Structures are given as C-alpha cells and as structure tokens.
Amino acid sequence: MRYSQLFLPTLKETPAEAEVISHRLMLRAGFIRKLSAGVYTYLPYGLAALRRVEQIVREEMNRAGAQELLMPMVQPADLWKETGRYEKYGPELLRFTDRHERESCLGPTHEEVITDIVRRELHSYRDLPVNLYQIQTKFRDEIRPRFGLMRGREFVMKDAYSFDVSDEQAEVSYMKMHEAYKRIFTRCGLTFRAVQADSGAIGGNFSHEFMVLAKTGEDTIVVCTACEYAANMEKAEVRLAAGEDVAAMLEPEKVETPGRRKVESVCEFLGIEASQLIKTMVYLADGKPVAVLVRGDREVQEVKLKNLLGVADVELADDKQTFDATGVPTGYIGPVGLAIRLVADQEVAGMRNAVAGANEKNYHLRNVNPGRDFQVESYADLRQITTDDPCPLCGGRLELTEGIEVGHIFKLGTSYSEKMQAVFQDSDGSEKPFVMGCYGIGVSRVVAAAIEQNHDDNGIIFPLPLAPFQTIILNLDPRDEQIDTAARKLYAELVRQGVEVLLDDRDERPGAKFKDADLLGIPYRITVGKKYLQGGMVELRSRKTGVVEEMSLDQLLSVLPSMISDAIRI
RNA sequence: CGGGGCGUAGCGCAGCCUGGUUAGCGCGCCUGCCUUGGGAGCAGGAGGUCGAGUGUUCGAAUCACUCCGCCCCGACCA
C-alpha cells in the first residue's frame, strides 16, 4: 500500500475527549472516529488491526474444531422470554418494536439464538459434541461507555457455544477452549493470564477470565510469582495460616476507650497490634443488617460476603443504619451479646484473648474468645487477599496487577437448554438437555488492550502479529529519482515475498514521516534517504527496541522477510 | 441514575466573570515561493447559525431558564 493513497488521517494533537492511552492513540493514529457515545467507525487502519485479531481467532477456533456461523443481530423478544432474560437482563438490553409492533432487541449475546438453532437441528447424541462460533458486532446499552474501544456500546465479539452429551464431555470442550484461548493471546503477542473468575449474572459454575496485563486495566488481579495461579480479587482464596494460637483463655475485661472508634486509635490506646483486634462491620444484605467480623488489620471482600449470604447486594451500613440495627454507635460494636445476624472470616476463629467493641459507647472488651464469648452463624473466607498471603496453590509469593478482560469462558451446564427445551436423545434412548458452554473474546477490546500494553511516548508499538503493516518504507525524498527508484524496488520485492508493506511516498518533510511511523507503531521501519545516495545503504529500525542497522538493499531483502515470518510463527 | 466539568472554524484553545462595532490565536486545509534525516520558513487565502430554544436588554458568544450532546468520578458490567 502506498501511503499517499491511503485514507489514514493522523492527528498531531490529542482530541480532548480521550483520557486513556489506547483511546488517544487510536484517535491520533487514525484507527477510529466517534459517531456517538460508545459507538465508533473503524477507519481502514483500525479495521486492518481488527482483522488481524479476527484472523488469529478464526484460525485457532477452527483448529480447536469449532465451526463459524453468523447469527442475526436483531432478535425476537419471544426467544428471550423463554429463558426469562427479557425481563432479567435490564436496560443494557436495547429493546424496540418493529412496524408490526413485534417486540425485538439488539443482541448483546447469543445464547438464546444458538440454543434455538441447535434444538431445531440436532436431536441425537451422534451429532455431539458441536461447537459453533461467530465474530459479530454486539450491542450493549452500557450505563456509561468509556475509554474508547475498551468499553463501547457497540463492539466486535467472538462468541462460541459448545453442546455436549454430559458434564464430563462439556468439561472436555471447556478445556479445549481454554487451550485455544491461550494460543490465541500468545499468538497476538500479548502478556496475559487466565484467572479463575466469578461467573456473574450469565450463570454457570466453571469460569475463567483472560486478562491482558496493563497498568490501565479495569480489574485488579492476584498472580503468583512462582506458579500459574491467577485470580480475581473477588475470587482469590485466602489460605489460612498454619498454627493456632493456643494461649490460655483469660477472663473478659471491660476497658474504657473514650472516643476511640477507629482500629488504629483503639490499638494505640490499648498498646496492641491491629491483628489482636476483632473488627465488627455492619452490612446491609439486601437491606437486612448483618455483622461481619474480620481481624483488625484485614478488609472485608464484599463479593465473598455476598456469595456466602446468597444475596443480591451488600452495602456497608452508614452510622445511622448501624445504630438503628444494633443500638450501638459505630466504633464500639462487638460480637459479644450482639443481637443481629453474625458471620466471621475464618481467621477470627483462631484468635485468642482479642479486643473487640463492648457494644457500649466508649468501651471495648479485652480477652474476647470466639466460641466461649460468642457464636457466629458461619466462618468463611471473607476477607481481601493481600500480597502478604501465600499463593493458595503453591504457597509462593503473590503480586497484585491490573488487567484488561479480553476473554471469558463459562461452563453453562443445562440452564439454557432446560428452559428452552433443547434436548437430544442419548444412546440409551433417554431424552437429555444439551450441556452447554460459552466462550467470548472481545475482539475490538483486544486491539485496545494491545495498545494499552504496548506503547511509548511516541505512539503505538504493535506486536508484529497484530500490526496492520509489518514494515513501513520511508522514502525521504520522493523527488530524487535514485531514492524513489530504490524505495519502489524495495517495496515491490518485499510485497513479492509476502511482507505487508506501507510505502510512505507522501510529499512530506522527513520529520513528519518519522513521527507518523512512530505513531502508527509499525514494527519495522526502513529509511531510504541521503545515505542511500552516499553509499547505497538503507536503515532498518525496530520500533520496539529502537535499534538501527544500516545495510544494502540486498542484505535487507535477505534478512527482513525471514525475521518477520519467524516472529509470526508460534 | 447521583456528583463534577465541557460545548466558540476540521483539531487544540482564548474571549464570557465585568453585555457594546468587522469573534480571535496555534495546528490543520487551499495557492505560490522555498525547503527535504525527527511534525520547517515566507507571502496570500478559504473556513463560524459561538450546541439548540426561550427569556432579560436599546444591544447577548457573554446574563437567566429549559433542553440536547460530550467527557470525568461513582453505582453497574463480557
């Protein structure tokens, strides 16, 4: 491709609307333009990057035995009513009626449609397993679209759905996808981790998220430095430290702690460590008060609490709500004699002679002992994991890092197939619902994540497999016949060898060409200029390392194509 | 939906508080000259219903009200 013919509007200045780096760079490098909130046009250069990701996804899905199809974006409400999601999905599902007053919606996901196809066409265990996927534009009417392609309302997604005869077979399908996903993100040249995840509203009980590691990620994840373990903060299991405190239980003692409400000030006042204090937090679980106990130096992990209580929502009670529920002002609440529902972090069970609120203003209790002085409804892992905790798998050191979710795989089980009466006849003649799995990749988000992970002050640094062009040739002086001839010759020869090349033949000054080349993030840059006139040499520069090598045209042609094909092969 | 902010040329902004002739600046764009290894220089030029509506006023980009759009934080979310 010749740059002079390409629709590639780059921007010298950053538009005010963009905050995160990938969004800014995508606007500046002519990837996208906004049409309305969370809705973007892909310009040729951005589309080329998107196609790179799509192609890798396609190849790996096909390799894993999945088959591509394409489902409608407009879907009838009736189908969604079968699974109850038409009511349940909320305002994110864009609903409308057509000219015949038929209720419809724009597909935010396609479980209903695929299940409908399969129940109509597949009836026997002999037809299974099957895995069908599509790469398609989804629409979700996000509360607040932001960050450009990272969280748009309209976005390109690959979604796959597997159908199996049994739970065991479904797990085999799941593992195949898990492997395929690892290959996909590896081939994209991204640093990522597969993390255990909460399966969320979509349902199911077996779930991994694929996170691209980048500073600007929306989620915090815990990764082990020694093994493969990685998990969401909400899911990361805390391993209880071995060894119990076997100190003799002392008699409870009430102590005056005037005005000491915070953990810190109580500890300072009584001369104890935060780890010797039982912190009592009052939450409203679906509106009803529950007291939660954790060690003074720990934080409650609300998602774990929510899951334990089996409620839809937990919220920390404010001072007034706390007083209304317990009759005690915040800061002096404790488990001893407390009348409301009580749960505790597992760690609390092993505490001896701890300090806790006395349920009386300005008083705390010393020598409080779980079991003797109070009972809880249940002990469970309820606290936030920290980097001081050991890896739950191998005991290694943990690190916290930010991640961008680019893929999510679920074992769905039979929830959809049962509701939609999608059944097959098994070898023993019995009728069974399909056991399903679903597997998503945010294709457009992968492009954004790749940029978040790979850029510098001058622009994008594309991983070679995702770059719209693998090489850019800068013709620094198109009017000089010798330079122009050399640049064209290089271009033609590289194209012949299968390299994706952009030839910058614009009538621009060299500075502008260098700046654009950096901004666009093309992995290899060849410069043909003055040095060619002087000694027949051109420059090859790596965008990533900045290393520059001078060589002749012949040398370049003999090394570059193989460098590129080696790098793309996995 | 709650909180905060912004809408003035394609992009980035000033002007608004304290109303008053032809609404400015930088970049980009067009023409010409010149220049060619990190977003050059000179000269000339095009481009605006100042987001929309209503009101206040002799007079509104400027003041008031309403609406619309966009951005950021929060709740929410593959």
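A residue is buried if 20 or more other C-beta atoms lie within 10 Å of its own. By that count, Val501, Leu502, Leu503 and Asp504 of strand S28 are all buried. The model is predicted. Buried residues make up 41% of the 570 residues in chain A. The notes below go from the whole chain to single residues.

**Overall layout**

- Chain A holds 15 helices and 31 strands.
- The C-alpha trace spans about 95 × 65 × 45 Å along its principal axes.
- Take the contacts between residues at least 6 apart in sequence: 71% of them join residues at least 24 apart.
- The domain assignment gives domain 1 as 51–235 + 400–452, domain 2 as 253–380 and domain 3 as 469–568.
- The centres of domain 1 and domain 3, taken over C-alpha atoms, are 41 Å apart.

**Strands S27 and S28**

- Strand S28 covers residues 501–504. Val501 and Leu503 point one way from the strand, while Leu502 and Asp504 point the other way.
- Strand S27 (residues 471–475) runs parallel to S28, and four bridges join the two.
- One bridge pairs Thr471 with Val501 in S28.

**Helices H1 and H11**

- Helix H1 (residues 21–28) packs on helix H11 (residues 443–453) at an angle of about 105°, with the axes 8 Å apart. H1 is therefore roughly perpendicular to H11, as angles from 65 to 115 degrees count that way.
- On the H1 side, the contact uses Ile21, Ser22, Leu25 and Met26. On the H11 side, Ala448, Ile451 and Glu452 take part.
- By class, the contact has five nonpolar, one polar and one charged residues.
- H11 is mostly covered, with eleven of its eleven residues buried. The buried residues of H11 include Arg445, Glu452 and Gln453. Val443, Val446 and Val447 are also among them.

**The S4-S6-S5 sheet**

- Three strands form an open sheet in the order S4-S6-S5, with antiparallel pairing.
- Strand S4 (74–76) and strand S5 (95–97) stand at the edges. Each has a single partner strand, so one side of each is left without a neighbour in the sheet.
- The twist averages 40° from one strand to the next.
- Three bridges join S5 to strand S6 (residues 103–106), and these two strands run antiparallel. Thr97 has Glu103 in S6 as its bridge partner.

**Backbone exceptions**

- Most residues other than glycine have a negative phi, and most peptide bonds are trans. The residues in this group depart from one pattern or the other.
- Glu101 is not a glycine, yet its phi is positive, at about 65°. Glu101 sits in the loop between S5 and S6. It counts as exposed because it has 6 C-beta neighbours inside 10 Å, and the cut-off for exposed is 12 or fewer.
- Phe147 also has a positive phi, near 60°. Its place is the loop between S7 and strand S8 (154–164). With 20 C-beta neighbours inside 10 Å, Phe147 counts as buried.
- The peptide bond from Leu128 to Pro129 is cis, with omega near 0°. Pro129 lies in the loop between helix H5 (111–121) and strand S7 (130–139).

**Ser173 and its surroundings**

- Ser173 is in helix H6 (residues 167–187).
- Buried or exposed? Ser173 counts as buried, because it has 27 C-beta neighbours inside 10 Å.
- Leaving out residues up to four places away in sequence, Ser173 touches Pro129, Asn131, Ser162, Asp164 and Gly437.
- Ser173 and Tyr161 are twelve residues apart along the chain, and their C-alpha atoms are separated by 9.7 Å.

**Lys530**

- Lys530 belongs to helix H14 (residues 530–535).
- Lys530 has 14 C-beta neighbours inside 10 Å, so it counts as partly exposed.
- Lys530 and Met157 are 373 residues apart in sequence. In space they are 47 Å apart, C-alpha to C-alpha.

Technical notes
Residues are numbered from 1 along each chain as its sequence is written. Chains are lettered from A and ligands numbered from 1 in the order in which they are written. This is a predicted model: local features need pLDDT of at least 70, side-chain atom pairs count only at pLDDT 80 or more; totals for chains, interfaces and linings use all residues. Axes are lines fitted to C-alpha atoms, for helices over the stretch in contact, and angles run from 0 to 180 degrees between N-to-C directions. Angles under 35 degrees count as roughly parallel, over 145 as roughly antiparallel, 65 to 115 as roughly perpendicular and the rest as oblique. Two residues are in contact if their C-beta atoms, placed from the backbone, lie within 7 Å. Ala, Val, Leu, Ile, Met, Phe, Trp, Tyr, Cys and Pro count as nonpolar, Asp, Glu, Lys and Arg as charged, and the others, Gly among them, as polar. Two strands pair if DSSP finds at least two bridges between them. Domain bounds come from an automatic or database domain assignment.
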